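Please read the points below with the sequence and the 3D view side by side.

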Amino acid sequence: MPERQWKLGKDLATGDSLLDGLTFDDLILAVHHNCRDITPEAVRKELYGLLDSRNTDMVFLLENNMDEIMAEAMKGRE
């Protein structure tokens, strides 16, 4: 199977999510597996780590598709 390109019009559609959702289950599971001591500080740290990871992915998708995003936004303006 070919490697994904993460490009609009190839293996992404305009309706695909730019920023993945985050559920309580995601956070609870991450805390369960990653935190030796479960404290409010540990839970916050885990949440911020999950957010940082998703933010990094979102910025990659934005930069990787900037030309396609601008082209789609320009449609109908010509």
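1. Accessible areas in this note come from the Shrake-Rupley method with a 1.4 Å probe, and for residues only the protein chains shown count as cover. The accessible surface of the protein calculated in this way comes to about 6600 Å², and 57% of that surface belongs to carbon and sulfur atoms.

2. A word on the source is needed here. This is a predicted model, in which local features need pLDDT of at least 70 and side-chain atom pairs count only at pLDDT 80 or more, while totals for chains, interfaces and linings use all residues. Residues are numbered from 1 along each chain as its sequence is written, and side-chain values use heavy atoms, with hydrogens and water left out.

3. Next comes the overall make-up. The protein has 3 helices and 0 strands, where helices (H or I, at least four residues) and strands (E, at least two) are DSSP runs numbered from the N terminus. Along the sequence this gives the pattern α-α-α.

4. The dimensions can be described in two ways. Along the principal axes, the C-alpha atoms of the protein fill a box of roughly 55 × 35 × 20 Å. The radius of gyration (taken over C-alpha atoms, with a globule rule of 2.2 Å times the number of residues to the power 0.38) is 17 Å for the protein, whereas a compact globule of 78 residues would have a value near 12 Å.

5. How much of the protein is buried? Of its 78 residues, 15% count as buried, a term that means under 20% relative accessible area, while exposed means over 50% and partly exposed lies in between (1.4 Å probe, protein chains only). For contacts, which mean heavy atoms within 4.5 Å, 62% of those with a separation of 6 or more are accounted for by residues 24 or more positions apart.

6. Helix α2 (residues 40-64) deserves a check of its length. The expected span of a helix is 1.5 Å times one less than its number of residues, so the 25 residues of α2 should span 36 Å, and this agrees with the 36 Å between its end C-alpha atoms. The buried residues of α2 are A42, E46, L50, R54 and L61, and what covers them includes α1 (24-34).

7. The charged pairs come next. Side chains of opposite charge can pair when their charged atoms come close. The structure holds 4 salt bridges, each being a side-chain nitrogen of Lys or Arg within 4 Å of a carboxyl oxygen of Asp or Glu.

8. Which residue forms a salt bridge with E68? The partner is K7, and the closest N and O atoms of the pair are 3.1 Å apart. Because K7 lies in the segment before α1 and E68 in helix α3, the pair ties together parts that are 61 residues apart in sequence. K7 is buried, with a relative accessible area of 18%, whereas E68 is partly exposed at 23%.

9. Two further salt bridges can be examined in the view. The side chains of D11 and R4 meet at 3.6 Å, N to O, with D11 partly exposed at 25% relative accessibility and R4 partly exposed at 40%. K75 pairs with E72, their closest N and O atoms being 2.8 Å apart; here K75 is exposed, with a relative accessible area of 56%, and E72 is partly exposed at 39%.

10. A nonpolar surface patch of about 300 Å² is made by L18, L19, L62 and I69. Patches are made of residues with over 30% relative accessible area and no salt bridge, like charges being joined within 9 Å and nonpolar side chains (Val, Leu, Ile, Met, Phe, Trp, Tyr) within 5 Å. I69 lies in helix α3 (residues 66-74) and is partly exposed at 33%, while L62 is in helix α2 and is partly exposed at 31%.

11. Not counting residues up to four places away in sequence, I69 touches L8 and L62, and L62 is in contact with L18 and I69. The C-alpha atoms of I69 and L8 are separated by 8.1 Å, although the two are 61 residues apart along the chain.

12. Most residues other than glycine have a negative phi. Phi of W6, however, is near 60°, a positive value in a residue other than glycine, and W6 is partly exposed, with a relative accessible area of 35%.
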